[in-house]
Amino acid sequence: MTNIYAVILAAGQGTRMKSKLYKVLHPVCGKPMVEHVIDQITGLHTEQIVTIVGHGAEKVKAQLGGRSAYALQEKQLGTAHAVIQAQSILEGKEGCTLVVCGDTPLIQTSTMEALIKHHEETGAKATILTARADKPDGYGRIIRGADGSVSRIVEHKDATDEERAVKEINTGTYCFDNKALFDALKNVSNDNVQGEYYLPDVIEILKAAGETISAHQTDSFDETLGVNDRVALSEAERIMRARINEQHMRAGVSIIDPLHTYIGPNVEIGPDTVIQPGTVLSGKTTIGADCVIGPNSEISDCAVGDRTVIRQSTAFNSEIGSDVNIGPFAHIRPKSAIHDEVKIGNFVEVKNAAFGKGSKASHLSYIGDAEVGTNVNIGCGSITVNYDGKNKFLTKIEDDVFIGCNSNLVAPVTVKKGAYVAAGSTITDEVPEEALAIARARQVNKENYVQKIFPKND
Ligand code: UD1
Ligand code: CA
C-alpha cells in the first residue's frame with residue numbers, strides 16, 4: 001500500500017459568498033464545510049493531512065485543531081500557488097497526494113478511495129476526479145484528445161464556447177504522484193484571464209512531459225458540488241440533509257417528512273423513534289429508541305432516553321431521561337437534568353434544574369436553579385424566584401412534595417420531604433417535613449359591600 005498524503009485547499013476568502021465568515025467555515029447541516037472534508041479524508045488513513053490556510057487562518061486552525069498540519073498562503077494567487085505552500089512539508093515524499101478543495105463538503109471517503117484505486121491501477125502521475133454536470137457553469141472543463149484521454153483542463157472563464165459545451169467537469173479533487181506534483185508545480189504560470197496560478201494546469205504540464213494522466217468519473221455529481229455562493233450552499237445543505245435523513249431511516253428511524261426534518265451530522269437516534277415534521281436536532285444530541293420527537297421541536301446538545309415524547313418544544317444542553325413527556329410548548333434551558341417518567345407540560349420553562357423520577361410540572365411554571373426530588377407535583381403557575389437582580393439562588397424541593405398552584409418559592413429556600421404548600425403562597429422560609437405551609441393573606445368577606453358603593457336605584 002502506497003503512502004497517502006492529503007492537501008486541503010482552504011485559504012480563499014470566498015468573495016462570491018458575500019460574507020464576513022470565511023468560505024470554508026460556512027456550515028452545512030451545522031458543521032463547517034472544511035470539517036466535513038477533513039472528516040471524510042480521515043477515513044482514508046493518510047500519512048499526513050496539510051491544510052492550506054490564508055483568509056481566516058487562525059479561525060480555520062482553531063476549528064480543525066490537531067487533525068491537520070497547516071501551511072500559510074499569505075496571498076491567494078491561485079490553487080497551484082496554494083498547493084506550493086505545502087512544499088516544505090511534503091516535497092520529496094514517496095507516495096500519492098490527494099488534493100481536495102475545502103469548499104466541496106459532500107465528498108465521501110468511498111469516492112476518494114475509488115479515485116486512489118484508479119490512480120494506482122492506471123499507473124498515472126495524475127488522476128482527476130471528474131463528473132458530468134447538467135449545468136457545468138463555473139467549473140473547469142475536461143478536454144479530451146481524439147483518443148479519449150485527458151489532455152488538459154480549461155477554466156470556465158478561459159474556455160471557448162465549444163469548450164463550454166463540454167459537460168464533464170473537474171471536481172477539484174485529484175490524486176497525484178507526490179514528487180511529480182511538486183516538480184510540475186514549478187512550471188505553472190499565471191497567464192490566463194484571472195491572472196492566477198491554476199492547479200489544473202499541472203495536468204497539461206505532466207502530459208507534455210509524456211506522463212500518464214487518468215480520469216476517474218464519479219456518477220454522483222452531487223458529491224462533488226463546489227460551494228462558491230449561497231445558492232450552492234443551500235443546495236449542499238439540501239443534499240447533505242437528505243443523506244443524513246436517509247441514514248437514519250435505513251437504521252430504523254421513522255421520519256414522517258424528510259424534506260422538513262433537519263438533523264445534524266453528530267446526532268444519534270435509536271430505532272423505532274418517530275421524528276415528526278419541523279424538527280431540528282443539532283449539536284451532539286442523542287435520542288433513544290421508541291421516542292416521538294416533534295412536530296416542531298428543536299433539540300440541541302441533549303441526551304434523551306427511550307420512549308420519551310417531546311412535542312412542539314425546545315431543549316438545549318440538557319439530559320432528558322426515559323418515559324419523559326415534554327410539551328407542547330415547553331422550554332428546557334441548559335444544564336437541566338430531567339429524570340425518568342417526568343412530565344414537563346405546556347408553557348413550562350426549566351433552567352439549570354434537576355427533576356427527580358416521576359415529578360411533574362404540568363402547566364405554566366418557571367423552575368430555574370432548582371433541585372426537585374422524586375414524585376413532586378408542582379402546581380400550575382408556580383415559580384422559583386431565583387434572582388434578586390444581582391445573584392441567582394437555589395430552590396430545593398425534596399421528594400413527595402406538593403406545591404399548590406400559583407406559589408412563589410423565594411430562593412434560597414427548601415421545602416422538605418413530603419411537605420405541602422398551599423395554593424397562592426409566597427414561601428420565604430424553609431417548610432419542614434410533612435408540614436403544610438400557608439403563606440397568603442386570609443380571606444375577608446365584606447357583606448353587602450357592593451350595595452354600599454353602587455347603590456341600586458329603586
Ligand atoms: C476550482 C477549479 C475548477 C474546478 C472547481 C471545482 C482551479 C483554478 N479551478 O475552481 O477547475 O472545476 O474548483 O469546485 O483550481 N484556494 C486557495 N488559495 C487560492 C485560491 C483558492 O486556498 O489562492 C482554495 C479556496 O479556498 C477553495 C479552493 O481552493 O476552497 C478552490 O478555489 P475556488 O476559487 O473556489 O476555485 P473554483 O473557481 O471553484
Ligand atoms: Ca470552488
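Which residues does His363 touch, not counting residues up to four places away in sequence? In this predicted model, the contacts of His363 are with Asn346, Phe347, Val348, Gly379, Cys380 and Gly381. His363 itself belongs to strand β28, which covers residues 360–372, and its relative accessibility of 37% makes it partly exposed.

One of the residues touched by His363, Phe347, also takes part in an aromatic pair. A search of the whole structure returns four aromatic pairs. Among them, Phe329 and Phe347 have ring centres 5.5 Å apart and ring planes at 15°, and the pair is therefore classed as stacked, the planes being under 30 degrees apart. This pair links distant parts of the chain, as Phe329 is found in the loop between β24 (325–326) and β25 (331–332), whereas Phe347 lies in strand β27 (residues 343–355), 18 residues apart. Phe329 has a relative accessible area of 43% and is thus partly exposed.

A further stacked pair is formed by Phe402 and Tyr420, whose ring centres are 5.0 Å apart and whose planes stand at 20°. Because Phe402 lies in strand β32 (residues 402–403) and Tyr420 in strand β35 (residues 420–421), the pair ties together parts of the chain that are 18 residues apart in sequence. Both partners are partly exposed, Phe402 with a relative accessible area of 33% and Tyr420 with one of 44%. An aromatic ring is also involved in an arrangement with a charged residue, in which Lys392 lies over the face of Tyr387 at 4.9 Å from the ring centre.

The cysteines were examined in turn. A disulfide is a covalent bond between the sulfur atoms of two cysteines, and a search of the whole structure finds zero disulfides. For Cys291, the closest cysteine sulfur is that of Cys302, at 12 Å, which is too far for a bond because a disulfide requires the two sulfur atoms to be within 2.5 Å.

Technical notes
Residues are numbered from 1 along each chain as its sequence is written. Chains are lettered from A and ligands numbered from 1 in the order in which they are written. This is a predicted model: local features need pLDDT of at least 70, side-chain atom pairs count only at pLDDT 80 or more; totals for chains, interfaces and linings use all residues. Side-chain values use heavy atoms; hydrogens and water are left out. Helices (H or I, at least four residues) and strands (E, at least two) are DSSP runs, numbered from the N terminus. Buried means under 20% relative accessible area, exposed over 50%, partly exposed in between (1.4 Å probe, protein chains only). Contact means heavy atoms within 4.5 Å. Rings of Phe, Tyr and Trp (its six-membered ring) pair if their centres lie within 6.5 Å; planes under 30 degrees apart count as stacked, over 60 as edge-to-face and the rest as tilted. A charge sits over a ring if NZ of Lys or CZ of Arg is within 6 Å of the ring centre and within 35 degrees of the ring normal.
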